[in-house]
Every structure is written in structure tokens, then in C-alpha cells.
Amino acid sequence: MAQQQAIIVMVDIAGALQDRKLKGNIYLFDNMKFLGSTGDGTEDLVTAIPGTYWSDGSQGTEQVLNWALASLGSIPPTVPRSYHSDRAEAIDREALEAIGTVADRAPDPSVDTTADLEHLRRRVGTHARRPRGSRGLASAKVLDVTGNPVTGEDAAYNYPPPIITDLTGEAVDEKIIYPAQYGSPDMVSDGWYWSATVDTARPGTYSYTMHIQLHELVYRNGEPVWESVDMTWPSAIRVTAEPKRNAFTGAGLGYLPMPAVPPS
């Protein structure tokens, strides 16, 4: 059975948008450091991919790579993606209830309904438009990292998570990896993720390029718009003829170190 190897791509979105490049604003991690990955936690990760061989030396199965993206200074990826839309609906629902209260108080001449409505406008926050034809997953209501609505151009806001739109390069051209985007009912990753099978029969180091899409909030004619910004970043995999190992013990293939008799 193939091992599930994970590569985490963490992006400092604010820094990348300001610099208009990923260099210095991207950090890569994987779960194969104990098997020889190098550059873990830096932008120069080389992922070690051991072969999958039977005891007679013949190749077993391919390995599987999964990419997961996260961003610094944003709502954590462990929060379900529905959190954003749930918060937006709750904010709008509370605002509608408050409008009813203001309407009930409107006949009272001592009540400043203009101030009440301005307060409600700030509570509702800002809705941003998606550009026509955008493939981005940016949500309409603009929130900060604490889930509160944002109003005004200068306010800090939560960036939509980065997404991979393609994987290209030497490893793909040489048919070492076969990448594709998959869907799943996983609420954390919004159901979409990039994965690839790896041909471990040809050891060597192969480069590949990640196509990463970020989103920036811009104002056009006074209207907020989520604008997609596409960037690329190179990385590499190192395929070896070493057999895969037990992920729990680091040892070779064999039985798990489970006691013959459960501890009392």
C-alpha cells in the first residue's frame, strides 16, 4: 500500500502581496524529514520519497503526495471553511433584527435614527465582489481574523486561503508524478485538494512548480473587489530506491511493536 505523504505550503499572504513575489514569504514542510527530506520549514524543501518494494526487491506500489495550503495571520485552516459563511449569515441576521428595533423607535422624536443606522452599517461590514470569470474561493463578506466584519479601506482583513491551480515542471514532464485535483467531503479543506501519484521506479531528484493563487482586496470606483494574484514557486522531490519504513517506528517493514498481551 502506498504511503500518504503530505506537503504543507504556508504563505505569508500580506508579505507576498506587498512584495509581489513568494520569495521570502513561503515556508514548506513535509512529514518525511526522518526519511531524508531537506529544507524542512524553509522555502527550499526537497521531499524524500522512498520506494515501495517487496522483500524480493521488486517494486510494490507508487507513493502518493498530498499538498495542503495555509496562510500566516489568517483564520486557521483547522477551522471549517463554512465558518466564514456562517459568520456572515449570523452578522446579517443580527443586523436585520436590529433594523426592526430602530424602526420601532423611529416615531420617537428624541431618537437619532441616523446614528443608529450608521452604527448598523458598520456592524454589517463590507461585501466584496468577485471579478467576473474568477476561479477564486474568496467569500463576499470581508471579515477580520477574529470573525468580525470589516468596514473601510484601511482596516485589516482576513485573506482568503491560498490555493494551488496547477502543478507543472520537470517531474510532471518526465512522468514521475501524476498530479490532479480531487474532491472530498472534507470540510476543513473545502473538499478540494491537489494530490499526485509518484513513480518510484526511477530514482533521482526532480523539480516541479506550484502555481499558487492569492487574493487581494482592491477598491475600484469605491467598490471593494477580490482580485486574484497568480504566483509560482519551485520545489523538488528526491526519489530513492530505499524501501519505505514503518511510519510509527521508523524501522523497516514488519509487525507493529504491539504487545502480545494488552497491558493491564
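Biologist: Which residues in H3 do Ile 91, Asp 92, Glu 94, Ala 95, Ala 98, Ile 99, Val 102 and Arg 105 in H2 meet?

Modeller: Bear in mind that this is a predicted model: local features need pLDDT of at least 70, side-chain atom pairs count only at pLDDT 80 or more, and totals for chains, interfaces and linings use all residues. Residues are numbered from 1 along each chain as its sequence is written, and side-chain values use heavy atoms, leaving out hydrogens and water. With contact meaning heavy atoms within 4.5 Å, the H2 residues you list meet Thr 113, Asp 116, Leu 117, Leu 120, Arg 123 and Val 124.

Biologist: And how are H2 and H3 oriented, roughly parallel or roughly antiparallel?

Modeller: Two packed helices are described by the angle between their axes and the distance between the axes. For H2 (residues 82–105) and H3 the axes are 10 Å apart and the angle is about 175 degrees (lines fitted to C-alpha atoms over the stretch in contact, with angles from 0 to 180 degrees between N-to-C directions). Under 35 degrees is roughly parallel, over 145 roughly antiparallel, 65 to 115 roughly perpendicular and the rest oblique. That makes the pair roughly antiparallel.

Biologist: Which helix do the buried residues of H2 pack against?

Modeller: Buried means under 20% relative accessible area, exposed means over 50%, and partly exposed is in between (1.4 Å probe, protein chains only). In H2 the buried set is His 84, Ala 88, Ala 90, Ile 91, Ala 95, Ala 98 and Val 102. These buried residues pack against H3.

Biologist: Zooming out, in what order do the elements of the protein chain run?

Modeller: There are 4 helices and 9 strands, and 38% of the 264 residues count as buried. Among contacts between residues at least 6 apart in sequence, 64% join residues at least 24 apart. From the N terminus on, the order is β-α-β-β-β-α-α-β-α-β-β-β-β.

Biologist: What phi value do Arg 20 and Lys 175 have?

Modeller: Most residues other than glycine have a negative phi. Arg 20 is in the loop between helix H1 (13–19) and strand E2 (26–30) and is partly exposed at 44% relative accessible area, while Lys 175 lies in the loop between helix H4 (170–173) and strand E6 (177–183). Phi is positive in Arg 20 and in Lys 175. For Arg 20 the value is near 60 degrees, and for Lys 175 it is near 60 degrees.

Biologist: Is Pro 160 buried or exposed?

Modeller: Pro 160 sits in the loop between H3 and strand E5 (163–168). Its C-alpha is 8.5 Å from that of Glu 216, 56 residues along the chain. At 8% relative accessibility, Pro 160 counts as buried.

Biologist: Which residues does Ser 228 touch, not counting those up to four places away in sequence?

Modeller: Ser 228 is in strand E9 (residues 223–243) and is partly exposed, with a relative accessible area of 29%. The C-alpha of Glu 216, 12 residues apart along the chain, is at 6.4 Å. The residues Ser 228 touches are Gln 213, Leu 214 and His 215.

Biologist: How far apart in space are Val 225 and Arg 129, C-alpha to C-alpha?

Modeller: Val 225 also lies in E9 and is buried at 3% relative accessible area. Arg 129 is 96 residues away in sequence, yet the C-alpha separation is 4.7 Å.

Biologist: Which residues is Trp 233 in contact with, leaving aside neighbours within four places in sequence?

Modeller: Trp 233 is in E9 and counts as buried at 10% relative accessibility. Its C-alpha is 7.0 Å from that of Leu 22, 211 residues apart along the chain. The contacts of Trp 233 are Leu 22, Lys 23, Ile 26, Leu 28, Glu 43, Tyr 208, Thr 209 and Met 210.

Conventions: Helices (H or I, at least four residues) and strands (E, at least two) are DSSP runs, numbered from the N terminus.
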